[in-house]
Amino acid sequence: MKKTKLFAVLAICLAIVLMMTACQAALINSNVTVNADGSGTKTITAVIYSDDAILAGEENAAEPGTVGNNSKYLLVSGEALVAKIKSYSALEDIDITVGPDGGNTVVTIKYAFDSIENYTEKTKKLAKDNADKIEAPTFTKNDDGTFTYKEKTENTQLSLDNIFLSLYNDPEAFSKDGQGDCDLEAYGYDYTCIYTIMSVSATIGTETNTVQVNEYNDSNTIVEQDWADYIEVTGKPAQTAPVPAPAGKGLSTGALIGIIAGCVVAVAVIVAIVVAASKKKKAAAK
């Protein structure tokens, strides 16, 4: 369902800003993978464009514009950015990595869950002030052995709002005026302008369904799609992998086979020794 936003006003502001300089919001995609027992992993990626990158949507334009000054707004990178995101997150159990993708930077946020209830609990914790807006997904087993997963599409954006709001309001990590280049708030922007939800997807086994939320046209304008309120996917989920034994405390299958084989050999040797001793004793008695 298409959500109404102040795109007309923002488009005018963006046109004015682009005459002086350019910038590009982080592009967000997410995926949740669910196993047969309801466990799984939520993965969220944010692509942050480099200053010399072509603006989103203008890749095939005759005279594409470049981002220009993302680095003037985002003041931290690498492990410093990881540390900042972790400090903003109300959910401690998250794995964050930052790495290159061509000339751009990709921030990946992951968190694992052991049940649908646990996923809902963790997502609400990540959402913080939006926790009461997070709707619990459903995970249903069908008669043909498949499972159906269904989740509110907006859950991803609601869960991330706190992180981007915190980043926007952190003067050590973000400059609202681009270090003097352009004051975002002077043109009516707020923290929502620094990220764009592009797509939300869900995976069961080999089946993935994606809801496209936004796209950029060839003039770098966000075009909101007529997206579904819920993302739904049906498939045969993978079984969960066995948890490996802690290093130094468990034995591999090969090690166990070796021990068993060794025991068999040892028993055979002992039996042979006992039999030989018994025969020798009988011979001596005669």
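Reply: Let us begin with a definition: a disulfide is a pair of cysteine sulfur atoms within 2.5 Å. This is a predicted model, and the structure holds zero disulfides.

Me: How do you know that cysteine 23 is in no disulfide?

Reply: The cysteine sulfur nearest to that of cysteine 23 belongs to cysteine 193 and is 6.8 Å away, and since a disulfide needs the two sulfur atoms within 2.5 Å, cysteine 23 is in no disulfide. For cysteine 182 the nearest cysteine sulfur is that of cysteine 23, at 6.9 Å, and cysteine 182 is likewise in no disulfide.

Me: How much confidence does the predictor have in the protein, on the scale of pLDDT?

Reply: The mean pLDDT of the protein is 84, and 76% of its residues reach 70 or more. Over residues 4–21, however, the pLDDT is below 50, and this stretch has 16 contacts in the model beyond near neighbours in sequence. The pLDDT is also below 50 over residues 249–286, a stretch with three contacts of that kind in the model.

Me: How many helices and strands are there, and what share of the residues counts as buried?

Reply: The protein has six helices and 11 strands, and 40% of its 286 residues count as buried. Among contacts with a separation of 6 or more, 61% are made by residues 24 or more positions apart.

Me: What makes the length of helix α5 close to the expected one?

Reply: Helix α5 covers residues 155–168, which is 14 residues, and its span from the first C-alpha to the last is 21 Å, close to the 20 Å expected at 1.5 Å a residue. The helix bends by about 35° at aspartate 161.

Me: Why is α5 described as mostly covered?

Reply: Of the 14 residues of α5, 11 are buried, so the helix is described as mostly covered, where buried means under 20% relative accessible area. The buried residues include Asn155, Leu158, Asp161, Phe164 and Tyr168.

Me: Which residues have the most contacts inside the largest nonpolar core?

Reply: That core has 49 residues, and those with the most contacts inside it are Ile28, Val107, Ile109, Tyr149, Phe164, Leu167 and Tyr195. Beyond residues up to four places away in sequence, valine 107 touches several residues, among them Ile44, Leu81, Ile85 and Val98. A second, separate core has 11 residues, including Ala53, Ala56, Val106 and Tyr216.

Me: What makes threonine 123 buried and threonine 41 partly exposed?

Reply: Threonine 123, found in helix α4 (residues 116–127), has a relative accessible area of 1%, which is under 20%, and so it is buried. Leaving out residues up to four places away in sequence, threonine 123 touches Tyr111, Ile134 and Ser159. Threonine 41 lies in strand β2 (residues 40–48), and because its relative accessibility of 32% falls between 20% and 50%, it counts as partly exposed. Threonine 41 touches Phe113, among others, and although these two are 72 residues apart in sequence, their C-alpha atoms are 6.2 Å apart in space.

Me: What is phi of lysine 128 and of asparagine 220, and where are these two residues found?

Reply: Phi of lysine 128 is near 55°, a positive value in a residue other than glycine, and phi of asparagine 220 is near 60°, also positive in a residue other than glycine. Lysine 128 has its place in the loop between α4 and β5 (138–141), and with a relative accessible area of 44%, between 20% and 50%, it is therefore partly exposed. Asparagine 220 is found in the loop between β9 (214–216) and β10 (222–224), and at 3% relative accessibility, under 20%, it therefore counts as buried.

Me: How do you know that glutamate 58 is buried, and which residues does glutamate 58 touch?

Reply: Glutamate 58 has a relative accessibility of 10%, which is under the 20% limit, so it counts as buried. Its place is in the loop between β2 and α2 (70–73), and the residues that glutamate 58 touches, not counting those up to four places away in sequence, include Glu63, Asn217 and Asn220.

Note on methods. Residues are numbered from 1 along each chain as its sequence is written. This is a predicted model: local features need pLDDT of at least 70, side-chain atom pairs count only at pLDDT 80 or more; totals for chains, interfaces and linings use all residues. Side-chain values use heavy atoms; hydrogens and water are left out. pLDDT is the predictor's confidence in each residue, from 0 to 100. Contact means heavy atoms within 4.5 Å. Helices (H or I, at least four residues) and strands (E, at least two) are DSSP runs, numbered from the N terminus. The expected span of a helix is 1.5 Å times one less than its number of residues. The bend at a residue is the angle between axes fitted to the seven residues ending there and the seven starting there. Buried means under 20% relative accessible area, exposed over 50%, partly exposed in between (1.4 Å probe, protein chains only). A nonpolar core is a set of buried Ala, Val, Leu, Ile, Met, Phe, Trp, Tyr and Cys residues joined through side-chain atoms within 4.5 Å.
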